[in-house]
Amino acid sequence: MKPIEAINDFVVKVANVNGSGSASANQMFAKSILRMGVPATPRNIFPSNIQGLPTWYEIRVSEAGYRGARGGVDLMVQMNPQTWNQDVASIVPGGYLFYDNTRALPPGRLRDDITVIGVPLTQITNATYTLARERQLFKNIIYVGVLSALLDIEPAVVEQLLAEQFKGKDKLIAANVQAFQLGRHYALDHLQCPIGLRVRRSDKVGDAIFVEGNAAVGLGMVYGGATVCAWYPITPSTSVVEGFTKWASRYRVDAQTGEKTFATIQAEDELASIGMVIGAGWNGARAFTATSGPGISLMQEFIGLAYFAEIPAVLVDVQRAGPSTGMPTKTQQCDVLLCAYASHGDTKHVLLLPRDANECFEFGAASLDLADRLQTPIFLLTDLDIGMNERLVAPFAWDDSRKLDRGKVMTAEELEAGRDFGRYTDVDGDGIPYRTYPGTHPTRGSFFTRGTSRDRRAIYTEDGAAYQDNMERLLRKFETAKSYVPAPVQKNAATSTKLGAIYYGSTSDSMEEAADLLAAEGVEIDLLRVRAFPFNNTVDAFIEQHEQVFVVEQNRDAQLRTLLINEGDLNPRQLVRILHYDGTPITARQIAGQIRASLGLDKAAQKEAAE
Amino acid sequence: MTYLPKPKLHHPELPKNDLGYTRRDYEGSISTLCAGCGHDSISAAIIHACYELSLPPHRIAKLSGIGCSSKTPTYFLGASHGFNSVHGRMPSVLTGAAAANRDLIYLGVSGDGDSASIGLGQFAHAMRRGVNMTYIVENNGVYGLTKGQFSATADRGAKNKKGATNQDAPIDLISMAMLMGASFVGRSFSGDKPQLVPLLKAALAHKGPAFIDVISPCVTFNNHEGSTKSYDYVREHNEAVNFLDVIMSRQEITVDYAPGTVEVVRQHDGSLIKLRKKADEYDVHDKIAAMEYVQKHQAHGEIVTGLLYVDTDSQDMHDHLGTCSTPLNALEGETLVPGSAALAKLNASLR
């Protein structure tokens, strides 16, 4: 078997033990590739565990800029004996295995169709360091040194990254550079370097930034003017709040007095966190919570109250596999229906569906405007894949002339001037009434908020006509929402086609890559990336224009497809399910395979789809 | 309930408070509770206390959960914003509201089902979080709207209207509030307005979580023989440790008292609580002793009432959070949004 030869287009996967300090070494390895101008997309594959269980870090290097998971491993960096067999098996024929050969392996456990590279990492480390923690941490840096030689990564780039990471701690910089050079020189002296996989300096990174989706959501909340964040820790959303609090502590603390213009409150559970968000929203602050599916399940009653009583609230749902506890550290898009129709009774909610960290920032800030404008809960639906992985994305942008949209709030001056106030009166015909903040005016504008039926002036009533009148106005308001939410993004194929694909969120990279793969084979597909619910009217038009539309998503029950059919009165046969829900991100090859199979294009495609 | 609304016109000679408001300005709409309900007396006491303290009605936010007690905020302070939220979840909604605007006065109204059963967790956590509020439980030991089931505060051995006996241990909200960190704790009886009104006034002037448990008999489902929350039972077993007067800081303060029988407590806002002690050995500043006293008397079937505990050095949630003095809901984009220059620097750090 001829070893693979590839420049700037391959997959490296590092197998580690959770808690061994490998994360920062792996991140530095990924960044060293980016600093050479070559796009690289890492993914953490981690267990629900603090220490001891297997964890992997996979980096897709792609000069073409493909960010989706590819599938298969070209170079396996095997640092965890627990997962030896599965890791060796995951290497594609012609691929490479780099492992710690300090101890001899049992015979007959290596494949003969791969190139095996052994480095006595433990031996080198133990000979150099005496402290157990030093041995553990520097071993990681040593393998980065080996990798730099194997893949032809410029050492100066890594040394610069080490200098940045340990800025101000010169001793640590020197020690880490030494460990890095130790590994690098061992490889150069004992191994054939570079191997067939190489990183070659390029200029494809441009001004892109490298950031996690959750951190970007937190930053979006700071820029969107959130002042109250109430939350309960849950994987994979916790770092949203950590991000918000970190950025807010940087930008929202008075340098003189130390006073903060934000409050992060860790609640006792998700019921309390959404309750606090609703209390704060009712009282005129911009408030949000971040959670995952189990938290949304707990919040259902409150979500119905906020919908019916028309209180602004933002809920960030970083989706993970369900139902129940499901797979807490695996990704899915399985809360679409849960959020779209959350709570008992007739409800519909606005969903925002960002594709990456850049849109996490943008939609995060926009969600607070939308909540105030529409006076209703807004769901920002991301997932673990977007939220907990660093990605190369377009830089964040902000227009300084932009104002916070506080929506329809009647002021003390307007009340004083005699302007009529009825809390649930549709004065503008868009279904959105005016509200007042508590404490606005001594005698005018107060009202009683409740989850039970009331008339247009917020007076309690159990009259059926008043109830129905209100429910219909809420529908009008939902219709109005269509013109405020982010519009879908359409990308037509080079030639006219009767095939279309609808997708959203974290499957976007893989879908767009799949379209390229299929186009190369002569299968052209028009693309429509949905960015919000309620759906813009162009979504129905897109479906009508195509004979067959593939709906790509990461859940078992084709939830977005259900939502499209339900809301659009569409013919279900027109919409073909392209699904993947084992907790790993869908790949372009899987999408292309399923589409080929659905079109009956070839048998080989079916085999690939089953991978 | 009555079907006869009070006339809107005020008597011209109705007395006015410092703000020029009459008692009528603190009223709400007509109660829809049963005639003779203890809760209506509590509403009247709230009106009285707010009037006497000259609180601007619109600067009070009244929040409640679900149940008979939680309906009452409609029946007082009609010029205030009110929020009838979710069963057992008023504390979290109030916490969020208090976070959003530290300048309003927060009044949480709840019941024993709302706070001791479904909402026990939120009740406890609002206390330990130090939310600046007055939290009233209108405690009748029974579910009214669903017609007479025992609540978690019903005493073991208490009989319901159908004769069934409660076998479960009761939850004592007073002891819980003290344990969980309430910095003002009192108990009273809806039928004892002279005790309840000053207690409410002191609580409203208090900074931090002020909790008042008000025994409030349910005339329909829990006022019979064998009930430990009936008017007769509570009157017979009421053990008041003190009676109090509240003197606001803006009033001229002249304290006349006989040493040993009256204690003066100064609160954060400068208001004075004048305690006329009934139980000489009772120290309202000693939480551990207070808890022991309450428990000891409870074991003898006595209901200890009055101001039971106060911490005059209390802090509130905003002190803990370090938030700015301007209410968070009044901050504008200029203050909140870091802007494009900061973002450009941040982008640079992410490359």
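Strand β17 of chain A, residues 448–450, is joined to β2(B) by three bridges, and the two strands run parallel; strands are taken as DSSP runs of E with at least two residues, helices as DSSP runs of H or I with at least four residues, both numbered from the N terminus, and two strands pair if DSSP finds at least two bridges between them. The model is a predicted one, in which local features need pLDDT of at least 70 and side-chain atom pairs count only at pLDDT 80 or more, while totals for chains, interfaces and linings use all residues. Residues are numbered from 1 along each chain as its sequence is written, and chains are lettered from A and ligands numbered from 1 in the order in which they are written.

**Contact between chains A and B**

- The contact between the chains takes 53 residues from chain A and 48 residues from chain B, where two residues are in contact if their C-beta atoms, placed from the backbone, lie within 7 Å.
- On the side of chain B that touches chain A, at least two residues each come from β2 (81–84), α3 (90–100), α5 (120–129), α11 (333–336) and α12 (340–349) of chain B, and α3(B) gives the largest share, eight residues.
- That side of chain B divides into 22 nonpolar, 23 polar and three charged residues, with Ala, Val, Leu, Ile, Met, Phe, Trp, Tyr, Cys and Pro counted as nonpolar, Asp, Glu, Lys and Arg as charged, and the others, Gly among them, as polar.

- Three strands of chain B, in the order β8-β10-β9, form an open sheet with antiparallel pairing; its edge strands are β8 (242–247) and β9 (262–266) of chain B, each of which pairs on one side only.
- From one strand to the next the twist averages 20°, with axes being lines fitted to C-alpha atoms, for helices over the stretch in contact, and angles running from 0 to 180 degrees between N-to-C directions.
- Strand β10 of chain B, residues 272–277, is joined to β9(B) by five bridges in the antiparallel sense, and in this pairing Val262(B) stands opposite Arg276(B).
- Helix α7 of chain B, residues 193–205, lies across β8 and β10 of chain B and runs at about 50° to β8(B).

**Ala49(B)**

- Helix α1 of chain B, residues 38–52, contains Ala49(B), which counts as buried because it has 23 C-beta neighbours inside 10 Å; a residue is buried if 20 or more other C-beta atoms, placed from the backbone, lie within 10 Å of its own, exposed if 12 or fewer, and partly exposed in between.
- Leaving aside residues up to four places away in sequence, Ala49(B) touches Val197(B), Leu200(B), Lys201(B) and Leu204(B).
- Ala49(B) and Ala203(B) are 154 residues apart in sequence, and their C-alpha atoms are 10.0 Å apart in space.

- Seven of the seven residues of strand β13 of chain A, residues 313–319, are buried.
- From β13(A), Ala313(A), Leu315(A), Asp317(A) and Gln319(A) point one way, whereas Val314(A), Val316(A) and Val318(A) point the other way, and all are buried.
- Strand β12 of chain A, residues 287–291, is joined to β13(A) by four bridges in the parallel sense, and Thr291(A) has Asp317(A) as its bridge partner.
- Strand β15 of chain A, residues 377–383, also pairs with β13(A) in the parallel sense, over seven bridges, and Leu315(A) has Phe379(A) as its bridge partner there.
- Just after α4(A), Asp152(A) takes a positive phi of about 65°.

**Domains of chain A**

- The domain assignment, which is automatic or from a database, gives chain A domain 1 (6–198), domain 2 (211–393), domain 3 (408–486) and domain 4 (489–609).
- The C-alpha centres of domain 2 and domain 4 of chain A lie 28 Å apart, and the contact takes 21 residues from domain 2 and 19 residues from domain 4.
- On the side of domain 2 of chain A that touches domain 4, the elements giving two or more residues are α12 (336–340), β14 (350–352), β15 and α14 (384–387) of chain A, and the residues there are 13 nonpolar, four polar and four charged.
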